[in-house]
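Work through the exercises below with the coordinates open. Try each task before reading its solution.

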Amino acid sequence: MLSSTADHLFWMARYTERAENTARMLDVRIQYALMPQTALGAEQGWRALLRISELEAAFNAKHAAVTQKDVIDFMVRDPDNPSSIANCLTEARENARAVRCTLTTEVWETLNTTWIELGQHLTADLHERNPGMFFEWVKHRSHQSRGATLGTMLQDNAFNFIRLGTFLERADNTARILDVKFLVANTFESGALPEFYYLASLLSSVSALEVYRKVYHDVITPARVAELLMVQANMPRSLVACMAAVVTNLSEIRNDVSQDTERLAGKLHAELQFSRIDEILKQGLHGYLTHFLACVDELGNRISCDFLVPAESAELGIPYTHVAAKFPEYLQETPGNEGKTDPIHQSSSFCLPLMAAKIHRNLASENTCVKGIPISAEYA
């Protein structure tokens with residue numbers, strides 16, 4: 001499979017999963033906002049939502065105050081927010097269109113219909129008139145896309161790259177929700193009613209409230225919530241379940257240079273699989289999740305470099321990093337992560353070759369020369 005095809009499939013899945021995760025968090029936050037709380041508490045809740053996606057700085061640059069209406073609009077349709085639901089679903093469709101011949105008709109039509117209906121819903125301001133209905137629609141379309149993929153696609157490399165993108169994005173999102181929301185949960189009195197509602201909303205954001213009741217048959221406690229979402233292998237959105245799927249899909253697409261990538265994924269999975277939640281909490285949940293997120297970022301880097309983007313075109317003898325250096329406007333640096341870039345989301349520092357390859361493809365589509373050497377579309 002061409003690396004460009006794998007790249008489109010991988011990011012198609014990540015964009016779709018990210019749109020669903022954003023819809024989940026917004027939906028639960030709106031429901032929690034109906035509970036009695038102070039104005040300061042409401043503002044802190046919306047700020048926590050922005051921090052999960054590391055979008056607080058970008059939001060503050062455009063808005064003087066944090067309000068429910070502004071946060072929803074920013075995370076649903078703001079064109080300057082690359083991780084907004086509208087941008088994610090649009091990019092998912094564009095990536096799918098680029099590899100239309102690789103997808104089944106059912107998968108393509110699902111993603112294309114989602115994009116068409118998205119425009120209709122945004123024109124009708126459905127996310128303002130009935131946000132709950134809009135977020136349910138986003139989740140439903142994501143489920144349909146995933147179902148069409150599982151039910152109609154040949155389980156070959158294309159299928160594995162789609163699944164790899166889905167589970168890597170899901171692991172990142174679950175870890176961020178746990179990290180940010182547990183910092184807030186620690187401010188509540190243990191066993192108090194506000195803590196119960198807050199933890200219930202956390203579980204609902206990852207469709208785990210009913211699963212929790214099945215597994216524990218008891219009151220909701222922070223330790224059990226962490227256990228369910230981190231080391232419970234039967235929970236579909238738990239960290240250990242996501243990493244198990246990443247390991248499985250990596251093993252299906254392995255190549256001559258992916259051994260270290262598989263080793264890192266296997267190590268992350270093993271740490272979760274054989275850890276006890278009391279050991280993790282004793283070590284410090286925030287520190288553990290910070291380390292996990294850093295490893296997920298590195299894993300994304302390695303996947304990009306091993307499968308999605310050749311580190312160097314041997315035929316041309318031009319490193320992709322050299323091409324990227326000629327186009328600094330394509331690069332976005334996140335404060336504190338200088339030198340790292342992310343094409344769609346400031347919270348994930350994907351490697352420089354990923355952006356360079358996108359530039360490389362743009363140049364190839366225009367039959368452009370770099371340093372006087374024509375870039376063949378074969379490498380696009």
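**Exercise 1. The packing of H14**

Task: Find which helices the buried residues of H14 pack against, and work out why these residues lie on the same side of H14.

Solution: 
- Step 1. Keep in mind that this is a predicted model.
- Step 2. Locate the helix. H14 runs over residues 259-273 and has 15 residues. From first C-alpha to last it reaches 21 Å, close to the 21 Å expected at 1.5 Å a residue.
- Step 3. List its buried residues: Thr261, Glu262, Leu264, Ala265, Leu268, His269 and Leu272.
- Step 4. Look at their directions. They cover an arc of only 160° around the axis, so they sit on the same side of H14. An α-helix has 3.6 residues a turn, so residues three or four places apart point the same way.
- Step 5. Check the other side of H14. Arg263 and Lys267 are exposed there.
- Step 6. Name the partners. The buried residues pack against helix H12 (222-230), helix H13 (239-253) and helix H16 (285-308).

**Exercise 2. H1 against H16**

Task: Describe how H1 and H16 pack, giving the angle and the distance between their axes. Then sort the contact by residue class.

Solution: 
- Step 1. H1 covers residues 3-33. H1 and H16 pack at an angle of about 145°. Their axes are 9 Å apart.
- Step 2. From H1, the residues in the contact are Ser3, Ser4, Ala6, Asp7, Phe10 and Trp11. In H16 they meet Ile303, Phe307 and Leu308.
- Step 3. Sort by class. The contact of H1 with H16 has six nonpolar, two polar and one charged residues.

**Exercise 3. The largest nonpolar core**

Task: Which residues of the largest nonpolar core touch the most other members, and which helix supplies the largest share of this core?

Solution: 
- Step 1. The core has 100 residues. Ile85, Phe134 and Met230 touch the most other members.
- Step 2. The largest share is 13 residues, and helix H9 (residues 157-185) provides it.
- Step 3. Take Met230 and skip its neighbours within four places in sequence. Its contacts include Leu178, Leu239, Leu272 and Leu289. Ser238 and Tyr288 are also among them.
- Step 4. In soluble globular proteins, nonpolar side chains tend to be buried together.

**Exercise 4. Loop residues**

Task: Where do Glu54, Asp125 and Thr104 lie? What is phi for Glu54 and for Asp125?

Solution: 
- Step 1. Recall the background. Most residues other than glycine have a negative phi.
- Step 2. Glu54 lies in the loop between helix H2 (39-52) and helix H3 (56-60). Phi of Glu54 is near 55°, a positive value. Its relative accessibility is 36%, so Glu54 counts as partly exposed.
- Step 3. Asp125 lies in the loop between helix H6 (105-123) and helix H7 (126-129). Phi of Asp125 is near 55°, again positive. At 28% relative accessibility, Asp125 is partly exposed.
- Step 4. Thr104 is in the loop between helix H5 (85-98) and H6. Its relative accessible area is 18%, under the 20% cut-off, so Thr104 is buried.

Terms used. Residues are numbered from 1 along each chain as its sequence is written. This is a predicted model: local features need pLDDT of at least 70, side-chain atom pairs count only at pLDDT 80 or more; totals for chains, interfaces and linings use all residues. Side-chain values use heavy atoms; hydrogens and water are left out. A nonpolar core is a set of buried Ala, Val, Leu, Ile, Met, Phe, Trp, Tyr and Cys residues joined through side-chain atoms within 4.5 Å. Buried means under 20% relative accessible area, exposed over 50%, partly exposed in between (1.4 Å probe, protein chains only). Helices (H or I, at least four residues) and strands (E, at least two) are DSSP runs, numbered from the N terminus. Contact means heavy atoms within 4.5 Å. The expected span of a helix is 1.5 Å times one less than its number of residues. The arc is that of the directions from the helix axis to the C-beta atoms. Axes are lines fitted to C-alpha atoms, for helices over the stretch in contact, and angles run from 0 to 180 degrees between N-to-C directions. Ala, Val, Leu, Ile, Met, Phe, Trp, Tyr, Cys and Pro count as nonpolar, Asp, Glu, Lys and Arg as charged, and the others, Gly among them, as polar.
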